[in-house]
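Subject: Structure handover

Hello,

My notes on it follow below.

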Amino acid sequence: MAHGMRTDSHTSYVRSSGWRESASRYALLPLRVFLGVTFIYAGLDKLTDSAFMSASGAGSIGEMMEGVRDISAVPALVDLSLKSPVGFGYAIALGELAVGIGTLVGLFARIAALGGALISLSLWLTVSWSTEPYYYGNDLAYLMAWLPLILAGASIFSLDAMLAARRKYGSGLG
């Protein structure tokens, strides 16, 4: 009697493994799109809101920072922003725009994600620090969302991947 290995039982495993591998490759893409679009929108929203880009007055960056100064985790950071609230507002808005674009197109994706994490961290420590319970404040959730992108970068549908492939094939390794 001949003994052999059944091949039909491995077929479904291979297909399943292929699906898992494919899903793993695309797993961070929805997060990248969400964070990229959200940060682009946040930056543009700030840049186009004349009330926000004011040192004082209702809805201004200055008024917001004055309001959170005594309840933030790092009052010195708020004091720094209050030296030039409009400049701080532009720095945050342009930073959000750069982070959003870099994340969405996947250019210097890990650096963009680090920038997003630093923006989220600074907003959590200042603006949303006193939110109770803590999970009502979204800045901490954004900070945690950036961490996988810092670790993994943008491996698909990204300019980083395109540039890496170009370097690989240009050097004759591909």
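I start with a helix pair. The axes of α2 and α5 come within 7 Å and cross at roughly 150°. That makes α2 roughly antiparallel to α5. The crossing of these two, α2 and α5, is left-handed.

Before the rest, the ground rules. This is a predicted model, with residues numbered from 1 along each chain as its sequence is written. Local features need pLDDT of at least 70, side-chain atom pairs count only at pLDDT 80 or more, totals for chains, interfaces and linings use all residues, and side-chain values use heavy atoms, with hydrogens and water left out.

The terms for helix pairs are these. Axes are lines fitted to C-alpha atoms, for helices over the stretch in contact, and angles run from 0 to 180 degrees between N-to-C directions. Angles under 35 degrees count as roughly parallel, over 145 as roughly antiparallel, 65 to 115 as roughly perpendicular, and the rest as oblique. A crossing is left-handed if the near helix is turned anticlockwise from the far one by less than a right angle, and right-handed if clockwise.

A second pair also involves α2. The axes of α2 and helix α7 (residues 138-152) come within 10 Å and cross at roughly 130°. The helices α2 and α7 are therefore oblique to each other. Their crossing, α2 with α7, is left-handed.

Overall layout

The protein chain has eight helices and zero strands. Helices (H or I, at least four residues) and strands (E, at least two) are DSSP runs, numbered from the N terminus. Buried residues make up 30% of the 174 residues in the protein chain. Buried means under 20% relative accessible area, exposed means over 50%, and partly exposed is in between (1.4 Å probe, protein chains only).

Salt bridges

The structure holds three salt bridges. The criterion is a side-chain nitrogen of Lys or Arg within 4 Å of a carboxyl oxygen of Asp or Glu.

One of them pairs Lys46 with Glu96, at 3.0 Å from N to O. Lys46 lies in helix α2 and Glu96 in helix α5, so the pair ties together parts that are 50 residues apart in sequence. Lys46 counts as buried at 19% relative accessibility. Glu96 is buried too, with a relative accessible area of 4%.

Arg69 takes part in a network of salt bridges with Asp70 and Asp79. Between Arg69 and Asp70, the closest N and O atoms are 3.3 Å apart. The side chains of Asp79 and Arg69 meet at 2.8 Å, N to O. This pair links distant parts of the chain: Asp79 sits in helix α4 (residues 75-83), and Arg69 in the loop between α3 (61-68) and α4, ten residues apart. Arg69 counts as partly exposed, at 27% relative accessibility. Asp79 counts as partly exposed, at 29%. Asp70 is exposed, with a relative accessible area of 67%.

Nonpolar patch

Which residues make a nonpolar surface patch of about 880 Å²? They are Val33, Val37, Ile101, Leu104, Val105, Leu107, Phe108, Ile111, Leu159, Met162 and Leu163. The elements that give two or more residues to the patch are α2 (29-47), α5 (85-105) and α8 (159-170). Patches are made of residues with over 30% relative accessible area and no salt bridge; like charges are joined within 9 Å, and nonpolar side chains (Val, Leu, Ile, Met, Phe, Trp, Tyr) within 5 Å. Accessible areas come from the Shrake-Rupley method with a 1.4 Å probe; for residues, only the protein chains shown count as cover.

Ile111, a patch member, is in helix α6 (residues 109-126). Ile111 counts as exposed at 60% relative accessibility.

Backbone points to check

Most residues other than glycine have a negative phi, and most peptide bonds are trans.

Phe108 is found in the loop between α5 and α6. At 55% relative accessibility, Phe108 counts as exposed.

Phe157 has a positive phi as well, near 45°. Its place is the loop between α7 and α8. Phe157 counts as exposed, at 58% relative accessibility.

Finally, a cis peptide bond joins Glu132 and Pro133, with omega about -10°. Pro133 lies in the loop between α6 and α7.

Best regards
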